[in-house]
Amino acid sequence: MDAEQLRENGHKMVDFIADYYKRIENFPVVSQVEPGYLPELLPDSAPSQPETLQQVFDDLQAKILPGVTHWQSPNFFAYYPSNSSTAGFLGEMLSAGLNIVGFSWITSPAATELEMIVVDWLAKMLNLPDGFISTGKGNGGGVIQGTASEAVLVVLLAARDRVLRNVGKTALGKLVVYGSDQTHSALQKACQIGGIHPENCRLLKADSTTGYALSPDLLSEAISHDIANVVGTTSSTAVDPLLELGKVTKSNGIWFHVDAAYAGSACVCPEYRHYIDGVEEADSFNMNAHKWFLTNFDCSVLWVKDRNALIQALSTNPEFLKNKASDANMVVDYKDWQVPLGRRFRVLMKVHVAFPLLVVATRSLKLWMVLRLYGVENLQRYIRNHIKLSKQFEELVAQDPRFEIVAPRKFALVCFRLLPAHSNEDNSSKLNRDLLDIVNSTGKVYISHTVLSGKYTLRFVVGAPLTEERHVIQAWKVIQEKASSLLAELGLNGLS
């Protein structure tokens, strides 16, 4: 394909994507296909001769899109958002076009240096302590990982090795990791990869008495060599008391990691910054720009106070990668801050962590473009609007006596449930599970669930870039209508 063919086909692809977004509301939010549908529609081997782009588009329309769950739909309220944006999309195009593999500074100086600059920009937007900034007085800095799961893995490895250097490698089996039982399951997977025995990954109970936050007193009772803490838990966006927990971990020589994968984005707004008060006590801090910050997946930013801890745990320096700048410690080589060798040019326009062996370069381009094309004030306005819409939804739920709010709303997630008739909790889980299935099967709305204090709980999170007030109101109408139908089928017309 020459430059002119690229130009022609590129225009067609942009048109296809633009048309997709124009009609995204027309698709069922959740794919309606059955497992195994696609092998029946596609040939069992690759074509021997090239096909046209139009043939590919035809198959996309007829065979692929029916099997897509539309995460960018304004009616997508499940899990947490995975934002896309024009800036992120353009950054992704640029990243793919340059196709840089920036595992060390010498392989593409701009990739490394732009990442350092953009991550520092974001740190300043969050008002993070100077110790996390690449150009700060300390030895800290930031790096773009693929996901929060990768971030928690690399800091666990760094924390593990820091302890083992002090107590000896034979102590690996004695290391214990502590976290809240609201912590993402990525912590348990990181422990498995890092050689921490499953029984030594101890998740401390958090319940409604603390708003599902981890109690410092409970941690003090159960202290050991490691910890993971959370701003905005996966189930309910509970926020752990970072300052108090930080004092506990600091007094015991424990690595303190703060995972703000979702809620961290809100903290660019001054009125929500207090949720990460105490981050100055942390050794590492993480947020996902690809969740709620208009930066296409994947782009997870990790800051550490001591970059050497990461480098000592993850660095390799084979002969074929040696160069003068690296050998003289004049530059940052991000290959030593992550698991894979390769990395894309992820400059926060959108950022991609590629797990294949050699892929690390263009992640910072996406984030760079998002920050430049939107600006801080528009990003803040974007976050505030979603929180406003979620508050409106919460008020709608509170007005219907058949429902209850299960956990306090802090950001743009509302946790609620349909109350069981006659306060019969035995039937509550099935009732809400059935409601969830019925609502999602309409294709008009997509929500998800969790379990809080034994209660099967529905989750409604506002975060899609195209979501407006009308979508929130319509979603609530669907939920109410299906709840009424379900209760009528069960012979239950209300509460008593």
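Predicted model: local features only at pLDDT ≥ 70, side-chain atom pairs only at ≥ 80, totals over all residues.

Residues are numbered from 1 along each chain as its sequence is written, and side-chain values use heavy atoms, with hydrogens and water left out.

**Whole chain.** Select everything. The chain holds 14 helices and 12 strands; these are DSSP runs (helices H or I, at least four residues; strands E, at least two), numbered from the N terminus. Of the 496 residues, 53% count as buried, that is, under 20% relative accessible area with a 1.4 Å probe, protein chains only.

**Nonpolar cores.** Next, select Phe-285, Trp-303, Phe-416 and Phe-460, which touch the most other members of the largest nonpolar core, a set of 89 residues. Such a core consists of buried Ala, Val, Leu, Ile, Met, Phe, Trp, Tyr and Cys residues joined through side-chain atoms within 4.5 Å. Helix H12 (residues 363-399) supplies the largest share of this core, 11 residues. Apart from this core lies another, of 31 residues, including Val-152 and Ile-196.

Centre the view on Phe-285. Leaving aside residues up to four places away in sequence, Phe-285 touches residues including Leu-126, Phe-132, His-257, Ile-276 and Trp-303, where contact means heavy atoms within 4.5 Å.

**The sheet.** Now display the open, antiparallel sheet of four strands, ordered E9-E10-E12-E11. Two strands pair if DSSP finds at least two bridges between them. Strands E9 (403-405) and E11 (448-452) are the edges, each pairing on one side only.

Select E12 (residues 455-461), which four bridges join to E10 (residues 413-418). Leu-413 has Val-461 as its bridge partner, and Cys-415 has Arg-459. Towards E11, E12 is joined by five bridges, with Tyr-456 as the partner of Val-451. Is E12 mostly covered or open? Six of its seven residues are buried.

Zoom in on the hairpin of E11 and E12: two residues lie between the strands, and Ser-453 in the turn has a positive phi of about 50°.

**Helices across the sheet.** Helix H14 (residues 469-489) lies across E9, E10 and E12, at about 15° to E10. Axes are lines fitted to C-alpha atoms, for helices over the stretch in contact, and angles run from 0 to 180 degrees between N-to-C directions.

Notes
Buried < 20%, exposed > 50% of the residue type's maximum accessible area, 1.4 Å probe, protein only.
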